[in-house]
Amino acid sequence: MDHLVALLAGIFLTAAIYLLLSRSLIRMLLGLVLLGNGVNLVILVSGRLGRIVPPIVPEGAKVPMAGAANPLPQALILTAIVIGFAMFAFLLVLAYRAYQSLDADDTDKMRVAEPRNAPKPPMSY
Amino acid sequence: MQDMAIHPVDWLVILPVVLPLLGAALLLMLREAKEAQYWMALGTVAVLLLGDIALATRIAEQGPVSMTMGNWLPPFGISFTADLVGAVFALAAAGVTLLVLVYLRLDMPDRARRDGVYPLVLLLLAGVSGSFLTGDLFNLYVWFEVMLIASLGLMVLGGRNSQLDATVKYGFLNFFATTIFLLSLGLTYGTLGTLNMADIVAKAPAADPAVMASIAALLLLAFGMKAAAFPVNAWLPASYHAPPAAVSALMAGLLTKVGVYALLRAMTMLLPASREVLEPVLVVVALGTLILGPLGAIAETNLRRALGFLVIGGIGATVTGIALNNEAGLAGAATYVLHAMLTITGLYLVAGLIEAMTGETDTRRMGGLYAAASLPSVLFFVLMLAVAGVPPFLGFWPKLLLVEGGIAGWAPNWDGWALALWVGVLVNALLTLIAGSRLWGHIFWRAGHESAENEAPNPDLRRLDRRATWLGLAPTAVLTLAVFLLGVWPEPLLGFGKQAAAGLLQSADYVAATGVAGGEP
Amino acid sequence: MSTLIFRTIAPLLTAVMLVFSVFVLLRGHNEPGGGFIGGLIAASALAIYGMAMGGEAARTALNVHPLAMAGFGLALAGLSGVLSLAFDVPFLTGLWSIFDLDGSEVALSTPMVFDIGVYFVVFGTIAAVALALESDGEDA
């Protein structure tokens, strides 16, 4: 099970890198989302899978039952999902604004901050 | 649960985070009252500065202090552990932010003020302080994201086209970097079963060195991207010049330094064995950054983009310290970070004044400022010499320590890497001096625009009004004064560097303060 | 989007979702639910209202700027942690006070206050993003 999920995470990361190498902002954004999901899978696997008992402390007990799943990766993933979600929302709005104002979804055409034909450095001094 | 008596004074560790967060929250609620917002932000940062001073003195006297949130046992609860490096960096960050806030009053367009620049500045400061003080890797990731979202907000405020363009590049690449950081966190947890820094120090030596080395490589990529080290530095000169000068001063002064700090912490303290494996990579990164930074600055005609390249050169110097990994080298890296926070912020603030006076961003069309405004030209001159590392200014001492470290690393067994780094630091100093003096010459000394045959006096200069003079020059002058004073009286700085390096190399105090060494939980 | 059916049903739907979001919020801690998911439900309620009535109407209905609400939530969450200063325990330590109210047990705790803070932060932030996307104008 662990190996299968690890493989799946690898596939996620591969697809994410492929998308991130694109010039289109929307594809890059989707790539970042996929990357985040792949990384979350890695964290999930890092807590080891394959257990069937949920990490909930039974009534009256002080510790979870033996063989319970590791709750910490789940907490980490939850945090990461929330943060990733906020970043995704922000970048989506940003990409949309950039598309409206710069009229470009192609990063090659986004050259406002870095003009294409930058002047040569001054030769005096 | 843990039975550790907590005294109110222990709250100093958490204060640098809680205070700006609460301040930002309060400012968000007071959206309409712009004047009150400004003064409250200023007050919050001033109180925070006092808290940071108290924290740093306490740590200098008693060694690292720690507090674990929510009364959980240390390796499970999130620890905030402040040692000297973190506390002093946090102190410097608060000081720089306070000065930039003064400058912000002058510089921000109205629209940005309406959209809430002050809460974002406080949020940014919370993220920066949190990163410096946290003792938990995952928590560090959270503070990275807090910092990232605040800086994205600051960068896009005002919404000019060039800002949108710059923010897209900054946002995508930095989000990628933090996601890579998260990936390495997952691997760390899978290997060691802990994310508490002190616990990692204790457990890492027993783990498979190959796995730890690949984790360290991922961390190096993530933090290197955050710090804008060669070859993943392209985002910095593409973005830092777009927002208003005060915002770019804040970001150039603080954000890349957090990346360097994280690199210092991860490579030197957490995974020293893996740093050994990665040493060739670190050396190449350091050399590339050292040389590329000032060369870019020489070739650039946009003033603040040129300064961005100087920031990168400074990152090279700090990575050099990490690559050397001896006491002098690490002391050099730690003091360099401090120096860069003050000096680079000052340079960006002067750049903002220059742009206000000339109405230009292109150095070729600035010219002739010396006659119109002599004080800014003196400030720029001093700061530029400090960046290059010319005595008697602050920048000299970190570079001296790095050079010493290079010799110390080379001497015992003729280590070619250390020698290369030694040469790199010196070449970097020379190139930075060339870049800086060219900038100064073009902007201030030359009579007018470039290539005007007669170099007639620049007709486009505008004088600063009284308000701008006070609000703009006062913070810069304070920074420059600090750079000068710490340059002629370097004992506190050198003492800090020595203690910081010792603390990073011998982490026993840090581990003991967190309280994980007390036995198996 | 704004057909007659949708416009008629949207306020009703919004009201139900808001109540449900509070229910989910208070149910949290020991059962599935909590501030984050509650805030998301509330924000989607507002988004539905905005889709039916327009972003401007949603803003008016909200009365307070969503970001101010997020600030309020952040302050609430932070203060719930600072409360432990008075009890000599570390930041964010859970403090409980369980008392009897007319036969039923009521648990007041700092985790609950924290959760309410989270609810407001999430609601405010997501509502601000949703309204910004909806209004399509210059306000980002």
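Me: Leaving aside its neighbours within four places in sequence, which residues is B:Ala90 in contact with?
Reply: Those would be B:Pro16, B:Asp52, B:Ser129, B:Phe132 and B:Leu133. Keep in mind that this is a predicted model.

Me: OK. Where does B:Ala90 lie?
Reply: You'll find B:Ala90 in helix 3 of chain B, which covers residues 84-107.

Me: And is B:Ala90 buried or exposed?
Reply: B:Ala90 is buried, because 28 other C-beta atoms lie within 10 Å of its own, and 20 or more is enough to count as buried.

Me: How far apart are B:Ala90 and B:Ser239?
Reply: In sequence, 149 residues separate the two, and in space B:Ala90 and B:Ser239 are 24 Å apart, going C-alpha to C-alpha.

Me: Switching to strands. What does strand 1 of chain B pair up with?
Reply: Strand 1 of chain B is joined by four bridges to strand 2 of chain B, residues 79-82, and the two run antiparallel. In that pairing, B:Thr68 stands opposite B:Ser79 of strand 2.

Me: Which residues cover the two faces of strand 1 of chain B?
Reply: On one side there are B:Val65 and B:Met67, on the other B:Ser66 and B:Thr68, and all of them are buried. Side chains in a regular strand alternate between the two faces of the sheet.

Me: Now the chains. How many residues does the contact take from chain A and from chain B?
Reply: Chain A gives 35 residues and chain B gives 36. On the chain A side, helix 2 (25-46) and helix 3 (71-102) are the elements that each give two or more residues. Helix 3 of chain A has the largest share, with 15 residues.

Me: What classes of residue are on that side of chain A?
Reply: The side of chain A that touches chain B has 28 nonpolar residues, five polar and two charged.

Me: What about the contact between chain B and chain C, how many residues there?
Reply: That one takes 20 residues from chain B and 19 from chain C. On the chain B side, helix 1 (15-29) and strand 1 are the elements giving two or more residues. Helix 1 of chain B supplies the largest share, eight residues. By class, that side of chain B splits into 15 nonpolar, four polar and one charged.

Me: Which element of chain C has the lowest mean pLDDT?
Reply: Strand 1 of chain C, residues 96-101, at 78, while helix 1 of chain C, residues 4-27, has the highest at 92. Chain C averages 85, and 95% of its residues score at least 70.

Me: And what does the model score for ipTM and pTM?
Reply: ipTM is 0.92 and pTM is 0.91.

Notes. Residues are numbered from 1 along each chain as its sequence is written. Chains are lettered from A and ligands numbered from 1 in the order in which they are written. This is a predicted model: local features need pLDDT of at least 70, side-chain atom pairs count only at pLDDT 80 or more; totals for chains, interfaces and linings use all residues. Two residues are in contact if their C-beta atoms, placed from the backbone, lie within 7 Å. Ala, Val, Leu, Ile, Met, Phe, Trp, Tyr, Cys and Pro count as nonpolar, Asp, Glu, Lys and Arg as charged, and the others, Gly among them, as polar. pLDDT is the predictor's confidence in each residue, from 0 to 100. A residue is buried if 20 or more other C-beta atoms lie within 10 Å of its own, exposed if 12 or fewer, and partly exposed in between; C-beta atoms are placed from the backbone. Two strands pair if DSSP finds at least two bridges between them.
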